[in-house]
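Welcome! Please take a look at the sequence and the 3D structure below, and then follow this short briefing through them.

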Amino acid sequence: MLKKVVIVDFGSQVTQLIARSVRSQKVYCEVVPFNKFSLKYIKNENPVGIILSGSPLSVTKRGFPSIKREIFFLGIPILGICYGMQLISSALGGKIKKISGREYGDTSIRVIKNSSICPNNWKTKTKHNVWMSHGDSVKTLPKNFISFAKSNNENFVGIANEKMKIFGLQFHPEVTHTKDGKSIIKKFLFEVCKCKSQWNMKKFKKENITLLKKKLVNKKVICGLSGGVDSSVAALLLNKAIGKRLLCIFVDHGLLRMGEKQEIHNFFKRKSNFKFISVDASKQFMKVLKGVTDPEKKRKLIGKEFIKTFDKCANKYKGIEYLAQGTLYPDVIESRSVTGAPSATIKSHHNVGGLPKKMNLKLVEPLNTLFKDEVRILGKELGLSDNIRNRHPFPGPGLAIRILGEVTKSRLEILRQADKIYIDLLKKEKLYDKIWQAFCVLLPVKTVGVMGDSRTYENVCAIRAVTSVDGMTADYYPFDQAFLKKVSNNIINKVKGINRVVYDTTSKPPGTIEWE
């Protein structure tokens with residue numbers, strides 16, 4: 001039986017990064033909200049390890065989220081991160097205090113004792129950089145706990161009870177900013193929990209096809225096949241499970257990039273035992289978006305029209321009960337917590353936040369616990385073409401949220417041309433596969449320019465390129481000046497309607513990858 005690690009979610013925005021870190025070691029894990037993590041759950045699921053996430057909340061406040069105290073005495077290894085460490089301390093008799101100044105961001109800590117979760121290079125008295133984000137700290141250690149690391153402010157940042165196999169970290173090992181974070185998680189998984197690297201996309205494929213077969217016995221499913229990586233992989237996975245009971249409908253909302261519609265048709269129409277229908281709904285989407293400038297309203301309207309189109313289509317086919325979507329973990333956490341835990345909403349997504357409260361179809365989201373890189377690997381297992389599988393992420397609302405302001409046919413055409421030039425150049429210069437996501441944004445701003453000795457007053461185009469592992473955090477790609485100059489010249493010289501190109505150097509956080 002596959003060994004499982006459970007991550008208890010207390011509402012941290014980076015809880016899913018813990019899951020990503022565990023899975024990167026080919027260890028299976030599940031994220032569970034604290035209010036559903038019970039003794040009964042543990043008995044049923046039999047986890048080999050428990051990780052307690054961070055939280056925006058404080059154990060010093062009344063009614064703070066917690067778990068049953070008995071869980072700490074079951075002999076299951078536990079790792080508490082940030083809030084999780086404070087929760088361990090509070091539950092086992094330690095005391096928590098507010099600190100005068102928050103310890104936030106890149107912070108130096110020093111090792112004062114050895115622990116079984118310390119990386120091999122963490123020798124006593126050595127200093128290491130970690131990433132912190134907290135306003136509380138452990139004032140008094142619980143009985144029989146030792147501290148193996150302290151901050152420059154003499155706060156406890158690493159605690160352990162080796163006998164109970166319970167550990168706490170005041171910093172975040174799951175974020176890339178903590179240099180040795182991956183090593184700490186590996187130590188916990190393999191040396192403390194005794195896990196083995198057994199989980200991979202082959203297993204996910206096999207297990208989920210079995211689960212989908214059971215869930216969808218004699219059920220018909222309609223899938224919104226946008227042609228992006230996520231919906232394509234979801235469709236192929238469902239097709240393996242239920243065959244022709246899956247009806248894939250490609251809705252041309254008129255908001256795709258140049259050439260994508262034909263590429264999607266060419267791949268899916270050639271597949272045997274695969275029901276594929278194309279619907280041209282571009283006119284109705286443009287009608288709905290007329291005069292709309294607010295990004296959240298765009299997303300909601302597109303989501304509503306998307307479902308409306310599917311309902312209308314589904315009514316033509318008898319017995320359809322489910323709508324399939326390619327929702328991923330990052331989509332869900334940015335819209336609302338995947339588990340219902342109290343994390344904050346950043347923005348709604350077309351395939352989660354845009355759904356109406358009353359819908360004629362039930363949802364099936366076979367990828368909603370996977371990250372983008374995992375989906376690409378699964379796509380390879382399912383035979384998805386490399387052109388689609390390796391395509392950069394593309395939002396459900398399409399180019400509508402890359403056109404700031406009103407979406408019109410002329411502005412769409414301008415953006416498509418600019419984007420095609422940019423992406424083609426990235427591929428020609430062999431940069432495309434080094435970048436997580438790259439695209440153009442058309443701004444609602446016009447500037448004065450000079451072209452051919454004549455004055456111009458045309459649009460500004462921003463180009464965006466980021467590097468990332470999972471889409472939860474990202475940094476801009478450091479193009480050299482020659483490339484930026486080439487992109488700018490090509491777009492301005494070839495696209496009528498743009499006379500200025502700028503490059504976005506904002507990381508995530510504080511920004512998001514998309515502009516809207």
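A residue is called buried when its relative accessible area is under 20%, exposed when that area is over 50%, and partly exposed in between. With 1% relative accessible area, Cys223 is therefore buried. Please keep in mind that this is a predicted model. The points below are grouped by topic.

**Cysteines**

- How many disulfides does the count come to? The count is zero.
- Cys440 is in no disulfide either, with the sulfur of Cys461, the nearest one, 4.0 Å away.
- Cys440 is also buried, at 0% relative accessibility.

**Nonpolar cores**

- The largest nonpolar core has 50 residues.
- Those with the most contacts inside this core are Ile222, Tyr422, Leu426, Ile463, Phe479, Ile491 and Ile498.
- Helix H13 gives the core its largest share, nine residues.
- Leaving aside residues up to four places away in sequence, Phe479 touches Tyr422, Leu426, Leu431, Ile435, Ala465, Leu484 and Tyr503.
- Another core lies apart from this one and has 38 residues, including Met201, Ala234, Leu238 and Ile242.

**Helix H8**

- An α-helix has 3.6 residues a turn, so residues three or four places apart point the same way.
- After H8 comes Gly291, with a positive phi near 80°.

- E9 pairs with E4 in the parallel sense, over four bridges, and Ile166 is the bridge partner of Ile78.
- E9 also pairs with strand E8 (residues 156-161), here in the antiparallel sense and over four bridges; Ala160 stands opposite Phe167.
- The hairpin of E8 and E9 has four residues between the strands, and Lys165 in this hairpin takes a positive phi near 60°.

- Cys82 is a residue other than glycine with a positive phi, near 55°.
- Where is Cys82 placed? Cys82 is in the loop between strand E4 (78-81) and helix H3 (83-91), and at 5% relative accessibility Cys82 counts as buried.
- Lys125, also not a glycine, has a positive phi near 80°.
- The loop that holds Lys125 runs between strand E5 (95-111) and strand E6 (127-140).
- Is Lys125 buried or exposed? At 74% relative accessibility, Lys125 counts as exposed.
- The peptide bond from Lys508 to Pro509 is cis, with omega near -15°, and the bond from Pro509 to Pro510 is cis as well, with omega near 15°.
- Pro509 lies in the segment after strand E18 (498-503), and Pro510 is placed in the segment after E18 too.

**Aromatic rings**

- The structure holds 14 aromatic pairs.
- One of them joins Tyr28 and Trp199 in a tilted arrangement, with 5.6 Å centre to centre and 50° between the planes.
- This pair links distant parts of the chain, 171 residues apart: Tyr28 is in strand E2 (residues 28-33), and Trp199 is in the loop between helix H4 (181-192) and helix H5 (201-215).
- Tyr28 counts as partly exposed at 21% relative accessibility, whereas Trp199 counts as buried at 3%.
- Which residues do ring pairs link into a cluster? They are Phe250, Phe267, Phe268, Phe274 and Phe276.

Key:
Residues numbered from 1 in each chain as written. Predicted model: local features only at pLDDT ≥ 70, side-chain atom pairs only at ≥ 80, totals over all residues. Heavy atoms only, no water. Helix = DSSP H or I, 4+ residues; strand = E, 2+ residues; numbered from the N terminus. Core = buried A, V, L, I, M, F, W, Y, C linked by side-chain atoms within 4.5 Å. Buried < 20%, exposed > 50% of the residue type's maximum accessible area, 1.4 Å probe, protein only. Contact = heavy atoms within 4.5 Å. Pairing = 2+ DSSP bridges. Disulfide = S-S within 2.5 Å. Phe/Tyr/Trp six-rings, centres within 6.5 Å; stacked < 30°, edge-to-face > 60°.
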